[in-house]
Amino acid sequence: MQFRINGQTYTAEVDVRTSLLDLAREHLGLTGSKKGCDHGQCGACTMLVNGRRINSCLTLAVMHQDDEITTIEGLGAPGALNPMQAAFVKHDGFQCGYCTPGQICSAMGMLDEIAKDWPSHVTADLDSVEFTDAEIQERMSGNLCRCSAYPNIVEAIREAAESQRLAEAAE
């Protein structure tokens, strides 16, 4: 089977029951995404598939052979951090760091959802999504942080969103 992950093509022969998370971690050595609960409840395994965030522990790798998959490793690198990664560092949006890769991937997907005006449970005006703390909290509710760095995570997301807005305005 072939997979497109972080802009690279990988070939792997895995059991058809292998999750996308296990493919990345156990077969391809992409260990940034974490296995937290293995039930889709904690978000530590969040990856982006065709730009949309998913819990990679709940999906089979075989289902994503033709998709563009992005893990935390595909967002940035030491010395060249993605703005979201840099904001997490600046605002101390992590403590133990275990949930951080999933938090960052989820935040990237969340910003895209808001940009596309996709409403959430707390969206007041279904025609225009506002970027509020309530939206951030609702949309990130599937990503748990056992260290309780939530206020810092929200601040990091706010800063990264502002950086993204300014970059788009400059284009």
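Q: Two strands count as paired when DSSP finds at least two bridges between them. With that in hand, how many bridges join β3 to β4 here?

A: Four bridges link β3, residues 46–49, with β4, residues 52–55. Keep in mind that this is a predicted model.

Q: Noted! Parallel or antiparallel, those two strands?

A: β3 and β4 run antiparallel.

Q: And which residue in β4 stands opposite T46?

A: That would be N55.

Q: What about the turn, how many residues sit between the strands of that hairpin?

A: Two residues lie between β3 and β4 in the hairpin.

Q: Let's zoom out. How many helices and strands are there in the protein chain?

A: The chain has five helices and five strands. Reading from the N terminus, their order is β-β-α-β-β-β-α-α-α-α.

Q: How does the radius of gyration compare with that of a compact globule?

A: They agree, because a compact globule of 171 residues would come out near 16 Å and the chain has 16 Å. Along the principal axes, the C-alpha trace spans about 45 × 35 × 35 Å.

Q: What share of the residues is buried?

A: Buried residues make up 42% of the 171 in the chain. As for contacts with a separation of 6 or more, 56% of them are between residues 24 or more positions apart.

Q: Changing topic, where does N82 lie?

A: N82 is in the loop between β5 (68–70) and α2 (83–90).

Q: Buried or exposed, that N82?

A: N82 is buried, because its relative accessible area is 13% and the cut-off for buried is under 20%.

Q: Which residues does N82 touch?

A: Leaving out residues up to four places away in sequence, N82 touches L75, G76 and M108.

Q: Now for pockets. What's the volume of the largest pocket?

A: The largest pocket has a volume of about 220 Å³.

Q: Which elements give two or more residues to its lining?

A: Those are α3 (100–115) and α5 (150–170). The largest share, six residues, comes from α5.

Q: Which residues line the largest pocket, by name?

A: The lining consists of L111, I114, A115, F131, R158, A161, E162, Q164, R165 and E168.

Q: Handy. How many of the lining residues are nonpolar, polar or charged?

A: Sorted by class, the lining of the largest pocket holds five nonpolar residues, four charged residues and one polar residue.

Technical notes: Residues are numbered from 1 along each chain as its sequence is written. This is a predicted model: local features need pLDDT of at least 70, side-chain atom pairs count only at pLDDT 80 or more; totals for chains, interfaces and linings use all residues. Side-chain values use heavy atoms; hydrogens and water are left out. On a 1 Å grid over the protein atoms alone, a cavity is a set of points where a 1.4 Å probe fits but cannot get out, and a pocket is an open set with protein on both sides within 12 Å along at least five of seven lines; lining residues have an atom within 4 Å of a point. Grid points are joined across faces, edges and corners, and a volume is the space filled by probe spheres set on the points. Ala, Val, Leu, Ile, Met, Phe, Trp, Tyr, Cys and Pro count as nonpolar, Asp, Glu, Lys and Arg as charged, and the others, Gly among them, as polar. The radius of gyration is taken over C-alpha atoms; the globule rule is 2.2 Å times the number of residues to the power 0.38. Buried means under 20% relative accessible area, exposed over 50%, partly exposed in between (1.4 Å probe, protein chains only). Contact means heavy atoms within 4.5 Å.
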